[in-house]
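Let's take a look at the links between side chains in this protein. Have the sequence and the 3D view handy as you read.

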Amino acid sequence: MVAGTSKTTIVIKNNFHSNANSLYVHCRSKDDDIGEHWLTVGQTIVWSFHENAWSTTLFHCYAQWGNQKKYFNAYEYKGTTKNCCVDKGRVTWVLEENGLRAIETDPERKPQDEELTKLNWD
């Protein structure tokens, strides 16, 4: 992949089963702040971007639901060191009681979405 040629879309989804607490999410990169969001069950945050020319794009997020907290990289591309979400086009991070899952959500492959990684709450 040549940096900057294809667009990546990241989705963060509140998939908790209870609305007792809103899900707080704050995502940002060095250059772009996606902002602070309080999501109720089923709500999402969506943003799209192009990889920068130096292949160093990093979007990191902080999520909190009640006393469950997690810092995670929603997207990271460091030259040849890539995380799960590089070259996928559209990735949905599903946040729920038992953890966070990154799923490649390619509209042409539905319902065959591929789970890319799973993280536990801290």
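Here is a short tour of the disulfide and the salt bridges.

## The disulfide

Keep in mind that this is a predicted model. Searching the whole structure turns up one disulfide. Its partners are Cys27 and Cys61, with an S to S distance of 2.0 Å. Cys27 sits in strand 2 and Cys61 in strand 5, so this link connects distant parts of the chain, 34 residues apart.

Both cysteines, Cys27 and Cys61, are buried. The torsion about their S-S bond is about 110 degrees, which means the disulfide is right-handed.

## A salt bridge across the chain

Side chains of opposite charge can pair when their charged atoms come close. In this model there are three salt bridges. One of them brings together Asp122 and Lys70, at 3.1 Å from N to O. Lys70 is in strand 6 while Asp122 is in the segment after strand 10, so the pair ties together parts 52 residues apart in sequence.

Which residues are linked in a network of salt bridges? They are Glu96, Arg101 and Glu115. Arg101 meets Glu96 at 2.7 Å (N to O), and Arg101 also meets Glu115, at 3.4 Å (N to O). Arg101 belongs to strand 9 and Glu115 to strand 10, so their bridge ties together parts 14 residues apart in sequence.

As for burial, Glu96 and Arg101 are both buried, whereas Glu115 is partly exposed, with 43% relative accessibility.

Key
Residues are numbered from 1 along each chain as its sequence is written. This is a predicted model: local features need pLDDT of at least 70, side-chain atom pairs count only at pLDDT 80 or more; totals for chains, interfaces and linings use all residues. Side-chain values use heavy atoms; hydrogens and water are left out. A disulfide is a pair of cysteine sulfur atoms within 2.5 Å. Helices (H or I, at least four residues) and strands (E, at least two) are DSSP runs, numbered from the N terminus. Buried means under 20% relative accessible area, exposed over 50%, partly exposed in between (1.4 Å probe, protein chains only). A salt bridge is a side-chain nitrogen of Lys or Arg within 4 Å of a carboxyl oxygen of Asp or Glu.
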